[in-house]
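Please keep the structure open beside the text as you read.

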Amino acid sequence: MPRFEYTEGTSSKFWEIERKDTVVTTRWGRIGTEGQEKTQKFKQTYEALQAYQKQVLEKAKKGYTRIKPKDTAPAAKTNPELEAAILQAPESDDGYLVYADWLQGQGDPRGELMALQHAQRQAQGAEATSLKRKVAALYKKHQGTLLGVGLTSMLGEKALTLEWHLGFIRGARVAAPGFDSDADFDVVETLTMLLRSPSARFLQELTLGLPDNDGDNEYGDLVKVITRLAPKTLQRLFIGDFVFPDESEISWVKLGNLAPLLKALPQLTTLRLRGGEVRLGPVELPELRRFTMESGGLPRPAVQSIASAKWPKLEQLEVWFGSVEYGGRFRPSDIQPILDATGLPNLKHLGLCNAAFSDELATVLPKAKVLKQLESLDLSKGTLMDTDAEVLAANAAVFKHLKKLDVSQNQLTRKGVKLLASLCPDVAAGNQRDIYDDDEGGRYVAVSE
């Protein structure tokens with residue numbers, strides 16, 4: 001419940017407010033007392049939200065200051081030697097179970113939670129259901145100990161979601177709350193508390209939604225927090241988990257300078273980025289298997305960083321180049337190292353998507369060295385027309401080994417789709433877009449602004 005305090009002279013008062021659907025609850029009194037409580041019920045949710053906002057504004061005008069929640073989790077019991085065993089094999093249960101025994105011996109409820117969650121994973125039927133209830137009850141009872149008051153207060157707004165694994169947070173998603181939320185939620189503060197939490201010391205997956213629903217969506221501050229605090233167990237990172245254009249246009253979201261972050265996280269195995277104005281710098285990710293960059297206009301230096309990246313274990317590469325109007329000015333020569341499979345011995349899936357130069361790609365792809373090793377090729381959301389389909393079809397033999405070819409959301413007519421339909425066993429060609437009569441010859445990518 002958001003809390004406000006007013007202290008001046010002899011006055012020392014607090015005021016709290018909470019809204020749940022159509023119910024608004026307020027509590028007030030002198031600091032240090034329980035105070036009084038009042039509940040108001042409204043017919044419509046928007047009426048409750050208006051009442052909430054009006055009362056908050058009135059208190060602010062009177063000089064009340066919002067008190068941010070603090071992380072008050074008690075100091076966690078730790079055993080560096082046992083934690084090191086988990087870090088050496090984070091996918092194995094063995095290290096967790098040894099740690100669980102030690103924690104239970106210390107009277108730490110996390111140890112019991114770890115043991116119960118492990119038993120739940122092994123059980124089936126009625127036993128699994130019973131253990132699931134026990135896990136939920138134990139977690140609820142000790143939530144404050146496991147998370148602290150600060151993080152606990154952030155749950156339930158779809159702005160902080162957690163996935164638990166054997167007593168620790170394995171996956172987390174952090175985002176700004178919705179427009180209609182009245183949560184006392186600061187995204188940067190929440191991410192900081194999360195990454196500092198003992199429960200997140202073995203975090204493996206992190207997802208960031210929109211950082212701000214009211215102002216400019218820039219990830220700079222969040223990226224700095226991850227760079228500074230992310231554990232070495234972090235393997236999968238997704239920055240830009242939002243729906244476009246419903247939540248924001250893709251080019252309105254600024255990813256910013258990610259070079260320091262990539263340097264700090266060489267252990268990543270999966271990296272997905274969505275947004276614009278991104279800087280990558282030199283990329284060296286020796287463990288990376290999957291990389292996805294979704295953009296409405298990818299800056300040329302970022303394309304060059306991707307083309308020259310050192311990621312020898314990469315298996316899947318997908319790049320959305322974007323519109324010329326939003327910076328997507330490229331030619332196949334900019335990605336020649338990729339076409340030549342330079343430093344990409346394990347690449348099996350290649351996505352050259354949302355490309356304004358799809359016509360040029362159609363010409364160079366049949367001769368590309370990388371094509372021979374691919375299992376799937378994604379040319380979706382681009383500007384392929386029937387003339388380009390004719391070029392690809394004329395080189396049908398070099399595509400036969402592919403398991404899948406995606407040419408959906410291009411600008412093909414039925415004739416073009418038919419030409420490509422038999423290039424490989426699985427050709428996706430749905431949702432083709434119209435051709436406009438303009439100076440660019442009618443070509444435009446599917447995702448731009």
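## The open sheet and its helix

An open sheet of 5 strands runs in the order β4-β3-β2-β1-β5, and the pairing is antiparallel. The edges are held by β4 (36-41) and β5 (65-67), each with a single partner strand, so one side of each is left without a neighbour in the sheet. From one strand to the next, the twist averages 25 degrees.

A few words on the ground rules. This is a predicted model, in which local features need pLDDT of at least 70 and side-chain atom pairs count only at pLDDT 80 or more, while totals for chains, interfaces and linings use all residues. Residues are numbered from 1 along each chain as its sequence is written, and side-chain values use heavy atoms, with hydrogens and water left out. Helices (H or I, at least four residues) and strands (E, at least two) are DSSP runs numbered from the N terminus, and two strands pair if DSSP finds at least two bridges between them.

Back in the sheet, strand β2 (residues 11-20) is joined to β3 by 8 bridges, and the two run antiparallel. Trp15 stands opposite Trp28 in β3. Arg30 also has its place in strand β3 (residues 23-30). Leaving aside neighbours within four places in sequence, Arg30 is in contact (heavy atoms within 4.5 Å) with Thr10, Ser12, Lys13 and Phe14. The C-alpha atoms of Arg30 and Ser11 are separated by 8.2 Å, although these residues are 19 residues apart along the chain.

Helix α1 (residues 45-61) lies across β1 (3-8), β2, β3, β4 and β5, and runs at about 165 degrees to β2. Axes here are lines fitted to C-alpha atoms, for helices over the stretch in contact, and angles run from 0 to 180 degrees between N-to-C directions.

Two packed helices are described by the angle between their axes and the distance between the axes. Here are those values for two pairs.

| Helix pair | Axes come within | Crossing angle |
|---|---|---|
| α2 (residues 80-88) and α3 | 8 Å | roughly 160 degrees |
| α3 (residues 94-105) and α4 | 7 Å | roughly 140 degrees |

How do the words for these angles work? Angles under 35 degrees count as roughly parallel, over 145 as roughly antiparallel, 65 to 115 as roughly perpendicular and the rest as oblique. α2 and α3 are therefore roughly antiparallel to each other, whereas α3 is oblique to α4.

The crossing of α2 with α3 is left-handed, and the crossing of α3 and α4 is left-handed. Left-handed means that the near helix is turned anticlockwise from the far one by less than a right angle, and right-handed that it is turned clockwise.

Leu82, Glu83 and Ile86 of α2 make the contact with Gly95, Tyr96, Val98, Tyr99 and Trp102 of α3. The residues of this contact divide into 6 nonpolar, 1 polar and 1 charged. In this scheme Ala, Val, Leu, Ile, Met, Phe, Trp, Tyr, Cys and Pro count as nonpolar, Asp, Glu, Lys and Arg as charged, and the others, Gly among them, as polar.

On the α4 side, Tyr96, Leu97, Tyr99, Ala100, Leu103 and Gln104 in α3 meet Arg110, Gly111, Glu112, Met114, Ala115 and His118 in α4. The residues of that contact divide into 7 nonpolar, 3 polar and 2 charged.

Gln117 is found in helix α4 (residues 109-122) as well. Is Gln117 buried or exposed? Gln117 is buried, with a relative accessible area of 11%; buried means under 20%, exposed over 50%, and partly exposed in between (1.4 Å probe, protein chains only). Not counting residues up to four places away in sequence, Gln117 touches Val135, Trp164, His165, Leu166 and Gly167.

## Parallel strands and enclosed helices

Strand β7 (residues 168-174) pairs with strand β8 (residues 205-208) in the parallel sense over 4 bridges. Arg173 stands opposite Thr207 in β8. β8 is also joined by 4 bridges to strand β10 (residues 236-239), again running parallel, and Leu208 has Ile239 in β10 as its bridge partner.

In helix α7 (residues 187-196), 7 of the 10 residues are buried, so this helix is largely enclosed by the rest of the structure. What covers the buried residues of α7 includes α6 (143-154), β6 (160-165), β7, β8 and α8 (220-229).
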